[in-house]
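Please open the structure in the viewer and follow the selections below in order.

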Amino acid sequence: MPCWTEHWISSWRHRSRRAYRDMKQGNDSSDENKLIAERRAKLGELRAQGVAFPNDFRRDALAAQLHDAFGARPAEWFEANPTQVKVGGRIMFKRVMGKASFAKIADRTGQIQLFLQQEALGAVYDAFKGWDVGDIAGASGVLFRTKTGELSVRVDALRLLVKSLRPLPDKWHGLADTETRYRRRYVDLIVSESSRNVFRARTRIVRYLRDFLDALDFLEVETPMMQPIPGGAAARPFRTHHNALDLDMYLRIAPELYLKRLVVGGIERVYEINRNFRNEGLSTQHNPEFTMLELYLAYADYRDLMDWIEKAIRGLADTLNGTPQLTYQGRSFDLTKPFRRVTVEQAVIEHNPGIDPLSLRDPTYLRKRCEQLGIKVEAHDGPGKLQIELFEKTVESTLLDPTFVYAYPAEVSPLSRPNDADPFIADRFEFFIAGREIANGFSELNDPEDQAARFRAQVARKDKGDEEAMFYDADYVRALEYGMPPTAGLGVGIDRLVMFFTDSASIRDVILFPHMRPEAG
RNA sequence: GGGGCGUUAGCUCAGUCGGUAGAGCAUCGGACUUUUAAUCCGCUGGUCGUGGGUUCAACUCCCACACGCCCCA
């Protein structure tokens, strides 16, 4: 044996032994307690008896399938038609009554009850009495209906497949502590059906959008997560470094500029559903990484996108709930009504009594107005930026029913096409539900010279200290110089959309592993 | 960054005026062959988030910090 192998093995063994010792001393889990110690001792007995973690049990039925197929059969049917099944899952419920017991096991589809008798199972029955809620078991037996009518399996063979060392939360109260639900999502998912349903709904929502777009001949693509120039949004990026290239890179804040390069390349209908990263604060509506649908549609404008959203939102409600009526955080929404469409300036006038409608583009007037409201403004902010600050402060949170706000100032829309009749504004809108921005769409700026000028203006802002201002992306301008067809583009915040459709108050409720500070200690 | 609230048994939560810490469920032991938050009997289980301070005495009052939740910027 070559000596390097021996050395490798011995060093591995050494590490392994130390890891085992650390484990025995509880160095890797500071929260050892009596309950865990009891279960650890039970596991020790299992190890002594043979393979403690077997992987040779196979199911032939799932809980929901059994309920669907046999839930309606009367008790006598089961006697006339003995039906043998093999089921397996986590023990969620255990009730021992002397020589007979009930247990419920949960698989990915639901729960099914087991009925266990000493007479039928002998020594295994006695062993079962020592098993714990949370353990994973496999059972075979025949279906029957209990005295109270519950479809159950009369077990003729039973095996413990996995010993669980940690107790589950109280079966009645569940896991109420939000911190633990987010940090130990696995426990939350074990005990909370509503949490499982949120994440199932999330996947269904994404699938619905994919199907919708695929049916319209859109091509789904993947563009870089790591970008040398972060573009497509006003946001602070995360930085990283590529060693081999010795190159600073950024996690993307948006895929926009890459997707539009693809439109230049002739992919006239293109979308991506993936993560964006923004180095900003955390809140009920912000996670540093979040999921966005971005789509681009050539030979269309921003109004076509508003129509698409309206159709998609209604279709989603119908697909998920079978009705256009839904409740979010105690407020009911009727999605059959046409979604309101209002300009930024109209909305600002409506929500700012006494404001002079003729001065909405006067920087001095707007600046005074902002200062009165305690809005922090920068010296280099122009009328468009001031107008949008005013909008965000006084209007945004009031937009409860689905609302399109359009005619955004061109000044704050450096990638949008300016309006033909009124160059102060861009052909751009944002979409709001429940006071939150859900989507942002516009007719794309495809004039390469105008785009270059907009980038230069952004760089000037960056030089004045605006950390969210955009970089100059020369290759993107070059792409536009080859010619991008007239195009409309849209970004949809998937997490917030899922929040709305699952009645979730916090973005953390719709992200499996939301970011948190590391646990103390 | 600022403000408010929270952190006590595995889980869910009480804890009065500052006087050596409680309940339900779970666990553990016992009874029970159709339970549905089973029932009955008995016993366990705590660095009261961490560190200081005040006090004869601190879960309790004061300060700092950590983590979380909510609101604001």
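Begin with strands β1, β2, β3, β5 and β4 of this predicted model. In that order, the five strands form a closed barrel, and their pairing is mixed. From one strand to the next, the twist averages 55°.

Next, select residues 136-145 and 151-162, which are strands β4 and β5. The two strands run antiparallel and are joined by 10 bridges. Within this pair, Ala137 stands opposite Leu160 of β5.

Which residues lie nearest its centre? They are Met92, Gln111, Ile190, Val191 and Arg196, from a lining of 26 residues. Strands β1, β2 and β3 each supply at least two residues of this lining, as do helices α8 (185-191) and α9 (193-215).

Finally, centre the view on Glu430, in strand β16 (residues 428-433). Is this residue buried or exposed? Glu430 counts as buried because its relative accessibility is 8%, and the cut-off for buried is under 20%. Display the side chains of Glu430 and Arg428 to see a polar contact between them, at 2.9 Å. Beyond its neighbours within four places in sequence, Glu430 is in contact with Thr403, Phe404, Val405 and Tyr408, and also with Glu437, Ala439 and Asn440.

Key. Residues numbered from 1 in each chain as written. Chains lettered and ligands numbered in written order. Predicted model: local features only at pLDDT ≥ 70, side-chain atom pairs only at ≥ 80, totals over all residues. Heavy atoms only, no water. Helix = DSSP H or I, 4+ residues; strand = E, 2+ residues; numbered from the N terminus. Buried < 20%, exposed > 50% of the residue type's maximum accessible area, 1.4 Å probe, protein only. Polar contact = N/O pair within 3.5 Å; in protein donor to acceptor, adjacent residues only side chain to side chain. Contact = heavy atoms within 4.5 Å. Pairing = 2+ DSSP bridges. Axes fitted to C-alpha atoms, helices over the stretch in contact; angles between N-to-C directions. 1 Å grid on protein atoms, 1.4 Å probe; cavity = no way out; pocket = protein on both sides within 12 Å on 5 of 7 lines; lining within 4 Å.
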